[in-house]
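Here is a model to look over. Please read it alongside the questions below.

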Amino acid sequence: MVFALCGAVLVGIGAYGFVTRLRPLHRIVAFNVVGGGLFLYFGALTRTSAGVDPVAQALVITGIVVALSLTALAVALVLRLADEGEEDKSGAERPGPGTGGGRDGLDDDDGRDGGTDACAADGRRRR
């Protein structure tokens, strides 16, 4: 019963944090606190007087693994969103692959210097 109550408290704290926080990373953490509380609550409910239900425990463990992978995806999306936001603020766009930006190791001739673009040994453009 103590674990079920602790799980309910975690769900409440996580829900409060999810509603009150505006930053995406804080919301991801709050959502994970809600998930952790639910896993604790369901894990506490699987224990009966006859023992522990292995099917319910397997479902909780599967939920934990799925939550971990979705958290990694959410953090990757937040990082990508932050990276895109920095580009918008600076006003400069990063060149894509094959556009001569040097990110992919290619150096395209832009035609402004008569075709004499050359790559230096460290990968930077010389003019």
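This is a predicted model: local features need pLDDT of at least 70, side-chain atom pairs count only at pLDDT 80 or more; totals for chains, interfaces and linings use all residues.

Residues are numbered from 1 along each chain as its sequence is written, and side-chain values use heavy atoms, with hydrogens and water left out.

Q: What distance separates the end C-alpha atoms of α1?
A: Helices are DSSP runs (H or I, at least four residues), numbered from the N terminus. The expected span is 1.5 Å times one less than the number of residues. For the 19 residues of α1 that gives 27 Å, and the end C-alpha atoms agree, at 27 Å.

Q: Which helix do the buried residues of α1 pack against?
A: Buried means under 20% relative accessible area, exposed over 50%, partly exposed in between (1.4 Å probe, protein chains only). The buried residues of α1 are A4, G7, G14 and G17. Seen down the axis of α1, they fall within an arc of 145° (directions from the helix axis to the C-beta atoms), so they line one face. By contact (heavy atoms within 4.5 Å), their packing partner is α2.

Q: Is V19 buried or exposed?
A: V19 sits in helix α1, residues 2-20. The face of α1 turned away from its buried side carries V19, along with V2, L5, I13 and Y16. Its relative accessible area is 63%, so V19 is exposed.

Q: Which helices do the buried residues of α2 pack against?
A: Helix α2 covers residues 24-45. Its buried residues are I28, A30, V34, G35 and G37. They pack against α1 and α3 (54-90).

Note on methods. Helices (H or I, at least four residues) and strands (E, at least two) are DSSP runs, numbered from the N terminus.
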